Amino acid sequence: MKNKQFLLKTRPVGTPTRDNWDYVETEVPELADKQVLVKVAFISLDPAMRGWMNDGKSYIEPVQIGAVMRASTVGQILKSNDPKFQVGDYVYGHCGVQQYAVVDTQGLHKIDPSLAPLERYLGVLGMPGMTAYFGLLETGLPKAGETVVVSGAAGAVGTVVGQIAKIKGCKVVGIAGGADKCRYLVDELGFDGAIDYKSENVKKSLKALCPKGVDVFFDNVGGEILDDVLTQIRMKARIVICGAISQYNNTTPVKGPSNYLTLLVNRARMEGIVVFDNVANYPKAAAEMAGWIKEGKLKAKEHVVKGIERFPETLLMLFKGENMGKLVLKVDAE
Ligand code: NAP
């Protein structure tokens, strides 16, 4: 059986290009003991993939040159050499950017497509949802009546952060690129306000929308937006450093915040998070979020692109702001 795969060919300098990838068709290998063959249905596109393409130390090993690109996936088991997994089972795992994967069952988790569409297990019910849930609730520590601001607000993590903050009784303002995204946040997701950083002065708009200041800032973007929000924080504010997508394709050093002394003045703190620290508690969080979805309090949105061949340009959509909600690649073109 032939398998379409994307391998990392070279490490990018700045924004990745088509030349960084090798698109190959290979034979699917035989299964060893405790392995399964997975037909991948959906591939998660994550900003973190850009970091995995770099050499050097991070919270996870870089993808090696010549290896299948790492990616979270959902799919169905076609063959099994492990009695715990049956043919036909649906699974979440890290099967990579390929049509079929022969993988050890160790890192696979069964999922139930009758409870939610498969792709949702890569979004609200998957890693981005867990990032929002634990990052906001355990590090942001929002209290009812407080003001929560989130950047990258119309994306996979941001949409969930804002909605959970609303569920917890906070005032929520999102920062996103473009009028459509801002309208979506307010009209569809119930945010109290939204700032289009591409056409507005973020600092001025924050002052107008958050006159008492910002208690919790959940930052997905870094750079100038982080600096602008730092000027508006309140006493004892919590700033959650989830990501800094504005910096991932830099060819110059990351731009750190120059307004960090507002932390001192306001006795505030800034703390980084890594979603994997909460793996043990994912099931509990996913159950609570599934409950919120059922009650209509949490809306899930996936942005689906079809055809594995489109992987390189689909990944770049994240950096161009072309996705709304969780960006996933459906392996099949139809
Ligand atoms: P996403 O928000 O769905 O997609 C990325 C969005 O970032 C784009 O749609 C774009 O929206 C915005 N963006 C891109 N370049 C930008 C720039 N230069 N300035 C401002 N905004 C820019 O992605 P996601 O999966 O939810 O991830 C969001 C962040 O969380 C990323 O930084 C990611 O690395 C981080 N993350 C961290 C963890 C963790 O464990 N710490 C886990 C998951 C994700 P606009 O149109 O609004 O610009």
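Mentor: Let's start with S151, which counts as buried because its relative accessibility is 0%, and the cut-off for buried is under 20%. Keep in mind throughout that this is a predicted model. S151 belongs to strand 8, which covers residues 147–151. Its side chain has a partner: a polar contact of 2.6 Å links it to the side chain of D219.

A polar backbone atom of N220 sits 2.8 Å from an oxygen atom of the ligand. Side chains join in too. In K181, a side-chain N or O atom is 2.6 Å from a ligand oxygen, and for N323 the distance from a polar side-chain atom to an oxygen of the ligand is 2.5 Å. As for how well the ligand is wrapped, it has 910 Å² of accessible area on its own, and the protein covers 90% of that.

Now the shell as a whole. There are 27 residues around the ligand, and those that come nearest are G177, K181, Y197, Y248 and N323. Sorted by class, the shell has 16 nonpolar residues, 10 polar ones and one charged. Residues come from both domain 1 (2–123 + 301–330) and domain 2 (127–276), so the ligand lies between the two.

G321 is a handy landmark. You'll find it in the loop that runs between helix 9 and strand 15 (326–330). With a relative accessible area of 28%, G321 is partly exposed, because that label takes in values between 20% and 50%. Compare it with D196: 125 residues separate the pair in sequence, yet their C-alpha atoms are 12 Å apart in space.

Last stop, some strand pairing. Strand 3 (residues 35–44) and strand 4 (residues 73–80) run antiparallel, joined by seven bridges.

Note on methods
Residues numbered from 1 in each chain as written. Predicted model: local features only at pLDDT ≥ 70, side-chain atom pairs only at ≥ 80, totals over all residues. Heavy atoms only, no water. Near = heavy atom within 4 Å. Polar contact = N/O pair within 3.5 Å; in protein donor to acceptor, adjacent residues only side chain to side chain. Areas by Shrake-Rupley, 256 points an atom, 1.4 Å probe, with all protein chains shown as cover. Nonpolar A, V, L, I, M, F, W, Y, C, P; charged D, E, K, R; others polar. Domains from an automatic or database assignment. Helix = DSSP H or I, 4+ residues; strand = E, 2+ residues; numbered from the N terminus. Buried < 20%, exposed > 50% of the residue type's maximum accessible area, 1.4 Å probe, protein only. Pairing = 2+ DSSP bridges.
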